[in-house]
Amino acid sequence: MGSAAAAMLLRSVAVLALLATTATTAAAQNSGTATFYGGRDGSGTMGGACGYDNLYNQGYGVLNAALSQVLFNDGASCGQCYTITCDTSKSAWCKPGNSVTVTATNLCPPNYAITTNGGGWCNPPRPHFDMSQPAWEQIGIYRAGIIPVLYQRVPCTRQGGVRLTISGFNYFQLVLITNVAGSGSIRSMSVKGASTGWIAMTRNWGALWQCSSALVGEPLSFAVTSTGGQTLYMNNVAPAWWTFGMTFTSNYQFAY
């Protein structure tokens, strides 16, 4: 093949790759709406249906959102990240050129006493983000109250390792998993003590996982699989002297 033909082939491949990337990006953009809550400092967004408490301590900060029921997925979406842009083609209340990435930390519950378009913004099947006010004001003008948005799920970036907070009592362990990068959300978890094999845990609610086993006094290891399909084995992350209420930071983090 001559150099001219080779160059033409390379240009054709580059064009096709660009078109494929553009199509993928366009396909990833979804339409929805967004409102805000929690006050100017976002303090009112702490806690919520994912089981998170202090979002700063747990690695999430104030750029967060409560998801409508259709997006929340019974808590399976807790910890996921979304990049959100105000849709300038539908509203004059946008801040053009701005976007913000938020973490899903709560549920915006449906209100069936109000119609979907008459104030029941979080009613099915509407995809809606009730964002922290600091996050919302990065893309929308305060007086609007509600804006149309384009959103897509994106990988999460976190500082440090995955964190596990152990609560419960005697024969019941309840583990909150936080500061999750990559997919941001968890598909499955198992726990293992020094005297046991792997014990499957089940989602209790939100980002809280449970098992009914006598594990007090044993070092605990966890096998955690993200919704992206990556499994991390956190061996002996909780030493034998752990007690209920303690949080342990692992040396492990998800890439996807």
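How many disulfides does the structure hold? Four, taking a disulfide as a pair of cysteine sulfur atoms within 2.5 Å. Before clicking on them, some housekeeping.

This is a predicted model, where local features need pLDDT of at least 70 and side-chain atom pairs count only at pLDDT 80 or more, while totals for chains, interfaces and linings use all residues. Residues are numbered from 1 along each chain as its sequence is written, and side-chain values use heavy atoms, with hydrogens and water left out.

**Whole chain.** Colour by secondary structure and you get three helices and 15 strands; these are DSSP runs numbered from the N terminus, helices being H or I with at least four residues and strands E with at least two. Of the 256 residues, 46% are buried. Here buried means under 20% relative accessible area, exposed over 50%, and partly exposed in between, with a 1.4 Å probe and protein chains only.

**Disulfides.** Select cysteine 50 and cysteine 78: their sulfur atoms sit 2.0 Å apart, and the link is left-handed, with -90° about the S-S bond. Cysteine 50 is in the loop between β1 and β2 and cysteine 78 in the loop between α2 (69-72) and β3 (81-86), so the bond ties together parts 28 residues apart in sequence. Relative accessibility is 0% for cysteine 50 and 5% for cysteine 78.

Next, pick cysteine 81 and cysteine 156, with sulfurs 2.1 Å apart. The torsion about this S-S bond is about 120°, so the disulfide is right-handed. Cysteine 81 belongs to strand β3, while cysteine 156 is in the loop between β6 and β7 (163-169), so parts 75 residues apart in sequence are tied together. Both cysteine 81 and cysteine 156 are buried.

Then go to cysteine 108 and cysteine 122, S to S 1.9 Å. Their torsion is about 90°, so this one is right-handed. Cysteine 108 is in strand β4 (residues 99-108) and cysteine 122 in the loop between β4 and β5 (128-132), 14 residues apart. For the overall pattern, number the bonded cysteines in sequence order: the pairing reads 1-2, 3-8, 4-5, 6-7.

**Salt bridges.** There are two, each a side-chain nitrogen of Lys or Arg within 4 Å of a carboxyl oxygen of Asp or Glu. Show glutamate 137 and arginine 40, whose closest N and O atoms are 3.4 Å apart. Glutamate 137 is in the loop between α3 (133-136) and β6 (147-154), and arginine 40 in the loop between β1 (30-37) and β2 (64-68), 97 residues away. The other pair is aspartate 87 with lysine 90, at 4.0 Å from N to O. Aspartate 87 is buried at 6% relative accessible area, whereas lysine 90 is exposed at 57%.

**An open sheet.** Now select β10, β9, β13 and β14, which form an open antiparallel sheet in that order; two strands pair if DSSP finds at least two bridges between them. β10 (199-200) and β14 stand at the edges with a single partner strand each, so one side of each lacks a neighbour in the sheet.

Where does β13 (residues 220-226) sit? Seven of its seven residues are buried, so the strand is largely enclosed by the rest of the structure. Leu220, Phe222, Val224 and Ser226 cover one side, with Ser221, Ala223 and Thr225 on the other. β13 pairs with β9 (residues 186-192) over six bridges, and methionine 189 stands opposite valine 224. To β14 (residues 231-238) there are five bridges, with alanine 223 opposite tyrosine 233. Finish at the hairpin turn between β13 and β14, where glycine 229 has a positive phi of about 100°.
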